[in-house]
Structure formats: structure tokens, C-alpha cells
Amino acid sequence: MLLKAMQAALGPWRRPCSTSYGFSSARSLSGPSLRRRRGSQHQQHQQHHPPSLRTPPPAFPARKRHCGSGTARVRAAAAARPGPSSDTAHSATPIAIQTSGIVKRINFCQWCGGPTKHEIPDGEEKTRAICTLCGKIAYQNPKMVVGCLIEHDNKVLLCKRNIEPSNGLWTLPAGYMEIGESAAEGAIRETWEEACAEVEVLSPFVQLDIPRIGQAYIIFLAKLRNPHFSPGPESSDCQLFALDDIPFDSLAFSSILVTLKLYIQDVKNGRPRFHYGTINKRPGSSPSDIRAYTLDYHLQS
Ligand SMILES: [Zn+2]
């Protein structure tokens, strides 16, 4: 139903495929590790007006103005901002909840600045940071990362990261979804910011949950509205790769590797499917171990 709803909103698959979207389980994949993903510094791009989801803006912003400026500011902000999904950034920070997920310890209320206490609220099961002055509870929930897998001439568009983490490694254009935009709109915006590419979203392709770091990826299949792309401030390079030439040894994140593997599998099978899966870090593995994960609960349409 979710897929049907998303397809109804976003349009049909680009290629003919089955009209049945019943999910079936598939063998778990294993491969490179769970590595962290930092979101884009969206606040640095307030002046940007990425392409709309359904119709291109009549006066699309000049590419160079968007993608050639603000690099230093973005880099500086990126360096100053802690990685919200970092395996390591919070490792020395006491966590409020001893679960499998990473939870920040919140010591002060985000609404009134008052000190917090850490207790299990009535009727709940998890310890929360509760303001001792105003009583509000600071809930921490997963973040959504949205991006595009862009097909063009039987190739896919990858960006080489120009920021940490995983500086110098290849990724799909993706980043944190913003309040006020849909997942597809966020994916289009991130693609514009990171690859200066105008894209049209074709269909949802994969949702990958990463419970341990509190992230959920949604990657859409997309196509270029025109053949132009170039590195944005957070990228040092953008290239179209034939599927046989994808730099699997130099990918930035396990989520990207899983996405590309599933895509290649679907291409070989002749049609795109919608995939869902959970990426779980192997116990005891290093955050930098790029092959220390399993893809569990893999469902596909
Ligand atoms: Zn408060």
C-alpha cells in the first residue's frame, strides 16, 4: 500500500514492470560496513531554490551561482558541526538509554533551557530527558536521509565527497530531509546541491533502515532533466559510471553499496523493484570496517 501510494504520488515506474507489488522476502545480503552519513549543511543553502518535484521552475537558478559559491562556508560549517549519525562522535558521550541505538544525552531543555532529569515518563518504557522546569520531554527519533539514484545512458551518477566523513569516497547524492519538504523533494534538492543536476524522480527504489544510528534512507530512481551536472560544494567530482565500472572499493557508505547492489541486481533481472531492508552492524566490528554489516529483513516488491 505504501508503494502504491508513493507511486500514485510520484508517477509510474519508468520501465514496464509487474503491477503486483506484493512483498517477498529475499536472502540477506552482506557486504561492506555500516558507516556514518552526515547531512548537508542545508542552512547554508537557504538562498537555493532546487527544482520542484513536478514542474521545473520557470527561471531555474544559475548553476554556477548555486554550486560554485559558498564552498568555504559549507566546509567550515561541516567541520564545526558534529556528525549526527556518527558511530564515533557520541561514543564518549553518556547515553541516556541503553539500547542498540545511539541516543544523545540531553542535559538542557531545548524549549526553555532548564536542566533535565532522565527518567521513564509515566506510561512509557524508555528513559527520556524531561525538563525540570517546563516538564517537556525531549524525544529523539530517527532521521530520514533522502537521495537519488540517477540513471543516464545505462550509467549512474555518483559524487565524490569533498567533506568528512568519508571524504574522497563516492556516494549517491543524498542528505537529510528537511521539515517542510517531502522525501522526493528532498532527494531532488540534495541532488541539486551535491551534483548541480536537475532531476525528475521516477519511482521509490529502496528504503534502508539503520536502527543503530537512527537513520532511514529513501533512495529514488531518477533521471536527468538535462545532461548537465557538476560538483556542488560538498563534492569534488561527479561522474556517470557504467554498472561494471562502479567503484565499489571506494564507496562512502554501506547504504550506498547496498542500494547499488540491489539496483544492479534489478537491472540484470530486467526490471526495477522496490526494496526494503535493515542494515545492521555486526557486533564488535569497528565503525570503519566497511564490510561489517548485514542487510536483514530484505523485502522487495
Ligand atoms: Zn523546559
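Two strands pair if DSSP finds at least two bridges between them. Strands (E, at least two residues) and helices (H or I, at least four) are DSSP runs, numbered from the N terminus. Residues are numbered from 1 along each chain as its sequence is written. The model is predicted: local features need pLDDT of at least 70, side-chain atom pairs count only at pLDDT 80 or more, and totals for chains, interfaces and linings use all residues.

**Stop 1: colour by confidence**

pLDDT is the predictor's confidence in each residue, from 0 to 100. The protein chain averages 74, and 64% of the residues score at least 70. Select residues 1-49: pLDDT is below 50 there, yet this stretch has 115 contacts in the model beyond near neighbours in sequence. A contact is a residue pair with C-beta atoms, placed from the backbone, within 7 Å. Next select 54-100. Here pLDDT also stays under 50, and the model has 70 contacts beyond four places in sequence.

**Stop 2: the open sheet**

Select strands S3, S4 and S5. They form an open sheet in the order S3-S4-S5, with antiparallel pairing. S3 (116-119) and S5 (137-138) are the edge strands, each pairing on one side only. Strands of a sheet pair through backbone hydrogen bonds, either parallel or antiparallel.

Now go through the bridges. S3 and S4 are joined by 4 of them, whereas 2 join S4 (residues 128-131) to S5. Show alanine 129. Histidine 118 stands opposite alanine 129, and in S5 the bridge partner of alanine 129 is alanine 138. Isoleucine 130 has isoleucine 137 in S5 as its bridge partner.

Turn S4 to see both faces. Ala129 and Cys131 are on the covered face; Arg128 and Ile130 are on the uncovered one. In a regular strand the side chains alternate between the two faces of the sheet. Follow the chain from S4 into S5: the two form a hairpin with 5 residues between them, and glycine 135 in the turn has a positive phi of about 80°.

**Stop 3: cysteine 112**

Cysteine 112 lies in the loop between helix H3 (71-80) and S3. What is it in contact with, leaving aside neighbours within four places in sequence? Cys131, Leu133 and Cys134. The C-alpha atoms of cysteine 112 and leucine 133 are separated by 7.8 Å, though the two are 21 residues apart along the chain. Cysteine 112 counts as exposed because it has 12 C-beta neighbours inside 10 Å. The cut-offs, on C-beta atoms placed from the backbone, are 20 or more others within 10 Å for buried, 12 or fewer for exposed, and partly exposed in between.

**Stop 4: two loops**

Select aspartate 153, in the loop between S6 and S7. Its phi is near 55°, a positive value in a residue other than glycine. Aspartate 153 is exposed, with 9 other C-beta atoms within 10 Å.

Move to the loop between S7 and strand S8 (170-171), where proline 165 sits. The peptide bond from glutamate 164 to proline 165 is cis, with omega near -5°. Serine 166 lies in this loop too. Serine 166 has a positive phi of about 65°. It counts as buried, with 21 C-beta neighbours inside 10 Å.

**Stop 5: the nonpolar core**

A nonpolar core is a set of buried Ala, Val, Leu, Ile, Met, Phe, Trp, Tyr and Cys residues joined through C-beta atoms within 7 Å. The largest has 54 residues; those with the most contacts inside it include Cys148, Ile150, Ala197 and Phe220. Elements giving two or more residues include strand S6 (143-152), helix H4 (183-195) and helix H5 (254-269). Finish on alanine 197: its contacts beyond four places in sequence include Ile150, Leu157, Trp192 and Phe229.

Technical notes:
Two residues are in contact if their C-beta atoms, placed from the backbone, lie within 7 Å.
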